[in-house]
Amino acid sequence: MNIRDKVMQIIAEMALLEVADVREESTLESLGIDSLGLVESIFAIEEEFDITIPFNANDPNEGDFDITSVATIIQGIEKLVAARP
């Protein structure tokens, strides 16, 4: 399973949706993921890929990690995985 598919699977699980219901253009809000769900999603993704996401739970829109859509989350994770030592 590639990064895109795994991220979409994790997001679908957090949103209690089928993977087919998660689209790259979807926002987490449009999928029904609240701030707690966002934090849980970040933790699950970090654990799955053994990465640390530069994310501030107190101000999710602050910082270098773009969470505006599923596609931007996937792109950010791909960059972090590629940069792993």
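Helices α1 and α3 (residues 70–83) pack at an angle of about 125°, and their axes sit 10 Å apart. Helices here are DSSP runs (H or I, at least four residues) numbered from the N terminus; axes are lines fitted to C-alpha atoms over the stretch in contact, with angles running from 0 to 180 degrees between N-to-C directions. That makes α1 and α3 oblique to each other, given that angles under 35 degrees count as roughly parallel, over 145 as roughly antiparallel, 65 to 115 as roughly perpendicular and the rest as oblique. This is a predicted model, so local features need pLDDT of at least 70 and side-chain atom pairs pLDDT 80 or more, while totals for chains, interfaces and linings use all residues. Residues are numbered from 1 along each chain as its sequence is written, and side-chain values use heavy atoms, leaving out hydrogens and water.

The α1/α3 crossing is right-handed (the near helix is turned clockwise from the far one by less than a right angle). On the α1 side, I3, R4, V7, M8 and I11 make the contact (heavy atoms within 4.5 Å), meeting V70, I73, I74, I77, E78 and V81 of α3. By class, that is 9 nonpolar, no polar and 2 charged residues, with Ala, Val, Leu, Ile, Met, Phe, Trp, Tyr, Cys and Pro taken as nonpolar, Asp, Glu, Lys and Arg as charged, and the others, Gly among them, as polar.

Helix α1 (residues 3–15) also packs on α2, at about 145° with the axes 10 Å apart, and this crossing is right-handed too. Here I3, K6, V7, I10 and M14 of α1 touch residues of α2 including G37, S41, I45 and F49.

Definitions and conventions:
Helices (H or I, at least four residues) and strands (E, at least two) are DSSP runs, numbered from the N terminus.
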